[in-house]
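Thanks, everyone. Let's get the model on the screen, and then I'll walk you through it.

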Amino acid sequence: MFPLHVEAVGTVAALLTTLCWLPQTLRAVRARDTASLSLSTFAVFTAGISLWLVYGFLIGSWPVILANIFTLALNLTIVVQKLRHG
């Protein structure tokens with residue numbers, strides 16, 4: 001187990017890097033405009049987030065697990081919007 005200050009840094013980092021996707025996801029859903037977004041970039045990023053999620057489970061780190069669950073959900077939403085609306 002990591003010391004509390006280490007977990008706190010990881011938790012804050014996880015919150016910031018996860019929440020940064022919320023405005024883009026909301027915009028993609030509301031405007032249905034994803035023309036300027038690269039499907040290949042989001043596909044590769046989503047694959048990477050999936051691997052980070054597996055890694056989080058393997059090391060038992062809840063900040064890593066939770067951040068990547070939410071980040072994966074937000075990015076999959078964008079990918080779905082991209083596939084639906086181009």
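T77 sits in helix 4, residues 62-85. Helices here are DSSP runs of H or I with at least four residues, strands are runs of E with at least two, and both are numbered from the N terminus. A word on the source: this is a predicted model, where local features need pLDDT of at least 70, side-chain atom pairs count only at pLDDT 80 or more, and totals for chains, interfaces and linings use all residues. Residues are numbered from 1 along each chain as its sequence is written, and side-chain values use heavy atoms, with hydrogens and water left out.

Back to T77. The cut-offs are under 20% for buried, over 50% for exposed, and partly exposed in between, with a 1.4 Å probe and protein chains only. Leaving aside neighbours within four places in sequence, T77 touches T25 and V29. Contact means heavy atoms within 4.5 Å. P63 is 14 residues from T77 in sequence and 21 Å away in space, C-alpha to C-alpha.

Now the whole chain. The protein chain has four helices and zero strands. The C-alpha trace spans about 45 × 20 × 15 Å along its principal axes. Of the 86 residues, 30% are buried. Take the contacts with a separation of 6 or more: 73% of them join residues 24 or more positions apart.

Next, the aromatics. The structure holds three aromatic pairs. Rings of Phe, Tyr and Trp (its six-membered ring) pair if their centres lie within 6.5 Å; planes under 30 degrees apart are stacked, over 60 edge-to-face, the rest tilted. W21 and F42 pair edge-to-face, at 5.7 Å centre to centre and 75° between the planes. W21 is in the loop between helix 1 (4-19) and helix 2 (22-31), while F42 is in helix 3, 21 residues apart. Both W21 and F42 are buried. W21 also pairs with F45, tilted, at 5.1 Å and 40°. F45 lies in helix 3 and W21 in that loop, so this pair ties together parts 24 residues apart in sequence. F45 is partly exposed, at 31%. Ring pairs link W21, F42 and F45 into a cluster.

Last stop, L58. L58 belongs to helix 3, residues 39-59. Why does L58 count as exposed? Because its relative accessibility is 71%.
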